Amino acid sequence: LRALVAASVDGLHAEDVVLVLDVTAAQAQVMPTPLGAPDASNGLRAMVVVLGLVLAVLAAALIIVFFRLRKEGAAASSPSSAPPSQRPVIAPSVQRKVA
């Protein structure tokens, strides 16, 4: 450990490092739960399931609305009249003046 600490600092040798270790004891107290106590995770689990179902329904509704709008937009943008002619049309009065 001394060599590891000394290597992390430039110009510090392992002989110059002093490690002080203090042993401490940690105790964790466990509180036993009564046998008849309701489990709090059941309510949380039910809430997560309900929120997941709500999210799935909203996602499905969004997809349905998207495809309906897309279909209506495609039907509205389709041309109902004949396409314009590809040749330019020159007015007869201009043709007489040129010729």
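**Layout and surface**

Author: From the N terminus on, the elements of the protein chain run α-α-α. Keep in mind that this is a predicted model.

Reader: How many helices and strands are there in the protein chain?

Author: Three helices and zero strands.

Reader: Which helix has the highest mean pLDDT, and which the lowest?

Author: Helix α2, residues 40-77, has the highest mean pLDDT among the elements, at 89. Helix α3, residues 92-98, has the lowest, at 62.

Reader: What should I do with low values?

Author: Where pLDDT is low, the predicted coordinates should not be read in detail.

Reader: And what is the mean pLDDT of the protein chain?

Author: The mean is 80. Of the residues, 78% reach 70 or more.

Reader: New topic. What share of the residues counts as buried?

Author: Of the 99 residues, 2% count as buried. The chain exposes about 9900 Å². Carbon and sulfur atoms supply 67% of that area.

Reader: Which residues form a nonpolar patch on the surface?

Author: L1, L4, V5 and L19 do. Together they have about 400 Å² of accessible area.

Reader: Where does L1 lie?

Author: In the segment before α1, which covers 2-7.

Reader: Is L1 buried or exposed?

Author: Exposed, because its relative accessible area is 69% and the cut-off for exposed is over 50%.

Reader: And V5, where is that found?

Author: V5 is in helix α1.

Reader: What is V5 in contact with, leaving aside its neighbours within four places in sequence?

Author: L12, V17 and L19. L19 is also a member of the patch.

Reader: How many residues apart along the chain are V5 and L19?

Author: They are 14 residues apart along the chain. Their C-alpha atoms are separated by 9.3 Å.

Reader: What are the relative accessible areas of F66 and F67?

Author: F66 has 49% and is partly exposed. F67 has 45% and also counts as partly exposed.

Note on methods
Residues numbered from 1 in each chain as written. Predicted model: local features only at pLDDT ≥ 70, side-chain atom pairs only at ≥ 80, totals over all residues. Heavy atoms only, no water. Patch = residues over 30% accessible without salt bridge, like charges linked within 9 Å, V, L, I, M, F, W, Y side chains within 5 Å. Areas by Shrake-Rupley, 256 points an atom, 1.4 Å probe, with all protein chains shown as cover. Salt bridge = Lys/Arg side-chain N within 4 Å of Asp/Glu carboxyl O. Helix = DSSP H or I, 4+ residues; strand = E, 2+ residues; numbered from the N terminus. Buried < 20%, exposed > 50% of the residue type's maximum accessible area, 1.4 Å probe, protein only. pLDDT = per-residue confidence, 0-100. Contact = heavy atoms within 4.5 Å.
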